[in-house]
Amino acid sequence: MSEPIRVLVTGAAGQIAYSLLYSIGNGSVFGKDQPIILVLLDITPMMGVLDGVLMELQDCALPLLKDVIATDKEEIAFKDLDVAILVGSMPRRDGMERKDLLKANVKIFKCQGAALDKYAKKSVKVIVVGNPANTNCLTASKSAPSIPKENFSCLTRLDHNRAKAQIALKLGVTSDDVKNVIIWGNHSSTQYPDVNHAKVKLQGKEVGVYEALKDDSWLKGEFITTVQQRGAAVIKARKLSSAMSAAKAICDHVRDIWFGTPEDKTWKVVEGLPINDFSREKMDLTAKELAEEKETAFEFLASA
């Protein structure tokens, strides 16, 4: 058995964490021989609920779970961390402008970034889930100057999984048969799910998705809007936001960040992809939104 690793989940009394914690504790993310010390952080009013989550984790009797620590104190939560999964954030309320949401979250992620900087290991891997995830991730990274910026990433894997699933459903294959799907840009309705470079396995052969589907109007229209608006569609149907699929995406994301992709055990930026005019227009649109969010967040960061 290896030494235990310390894994923090924030917003630990919330519904995404409720779907996530069991998978972390049972070895699905870090491997079946990796013991874990699980640290659960939430705000003080949620400590009663968090106690219930703690009881359930104890009752799961998971052999890899060496300890579970529930706290509302950052100095306890962020100490000596190997992995930080920042799920907790200020949710958007009715009538709330995106700007107000940004302001509230800049404050949260500035504090958490500073806590990572002060208490966590310098090798900590940080995954930001709480929305607006891209900008929250940037805020946390900027507030933790001593931690390498490549250790920070935010969750777009849910969009990626949604896109893969739509292609697989359309072609009657499993999502494992679809690869090299890309999500460009912001985790918002401007994101661009791109399958120009994607491949699908059909009768044992790899074929480009455009070639396999022979339905360009669906790929350039309904497919994109379905993925962009899937979160809203789930809320409309369930009256709650995506939790099970979000937790699964977090597990996929963290596993790949921890172990690397199967070929090279690390991650790197793919360079030199040809980008067509249709893609460039979609990418420019989401990049503009991200740049505006960044500018607003940095104004708040300076005054926070």
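I call a residue buried under 20% relative accessible area, exposed over 50%, and partly exposed in between (1.4 Å probe, protein chains only). This is a predicted model, where local features need pLDDT of at least 70, side-chain atom pairs count only at pLDDT 80 or more, and totals for chains, interfaces and linings use all residues. Residues are numbered from 1 along each chain as its sequence is written, and side-chain values use heavy atoms, with hydrogens and water left out.

**Entry: aromatic pairs**

I searched the whole structure and found 3 aromatic pairs. Rings of Phe, Tyr and Trp (its six-membered ring) pair if their centres lie within 6.5 Å; planes under 30 degrees apart are stacked, over 60 edge-to-face, and the rest tilted. I looked at Phe30 and Trp258. Their ring centres are 5.1 Å apart and their planes stand at 85°, so I logged the pair as edge-to-face. I took helices (H or I, at least four residues) and strands (E, at least two) as DSSP runs, numbered from the N terminus. Phe30 is in the loop between helix 1 (15–25) and strand 2 (36–41), while Trp258 is in helix 11 (residues 244–259). The two are 228 residues apart, so this pair links distant parts of the chain. Phe30 is buried at 2% relative accessibility. Trp258 is partly exposed at 29%.

Next I checked Tyr192 and Phe278. This aromatic pair is also edge-to-face, with 6.2 Å centre to centre and 75° between the planes. Tyr192 belongs to strand 9 (residues 192–194) and Phe278 to helix 12 (residues 277–303), so the pair ties together parts 86 residues apart in sequence. Tyr192 is buried, at 1% relative accessible area. Phe278 is partly exposed, at 24%.

The charged end of Lys220 sits over its ring, 5.1 Å from the centre. My test was NZ of Lys or CZ of Arg within 6 Å of the ring centre and within 35 degrees of the ring normal.

**Entry: backbone**

Most residues other than glycine have a negative phi, and most peptide bonds are trans. I looked for departures.

- The peptide bond from Asn131 to Pro132 is cis, with omega near -5°. Pro132 is in the loop between strand 5 (125–128) and helix 5 (133–142).
- Ala61 is not a glycine, yet its phi is positive, about 50°. I placed Ala61 in the loop between helix 2 (47–59) and strand 3 (65–71). At 59% relative accessibility, Ala61 is exposed.
- Lys239 also has a positive phi, near 65°. Lys239 lies in the loop between helix 10 (230–238) and helix 11. Lys239 is exposed, at 66%.

I traced an open sheet of 3 strands, order 7-10-11, with antiparallel pairing. Strands pair if DSSP finds at least two bridges between them. Strand 7 (178–179) and strand 11 (205–208) are the edges, each pairing on one side only. Strand 7 runs antiparallel to strand 10 (residues 199–202), and 2 bridges join them. Lys179 has Lys199 in strand 10 as its bridge partner.

**Entry: helix 5**

How many residues of helix 5 are buried? I found 8 of the 10, so the helix is largely enclosed by the rest of the structure. Among them are Ala133, Asn136, Cys137 and Ala140. What do the buried residues pack against? I listed helix 4 (98–119), strand 5, strand 6 (152–154) and helix 12. Contact here means heavy atoms within 4.5 Å.
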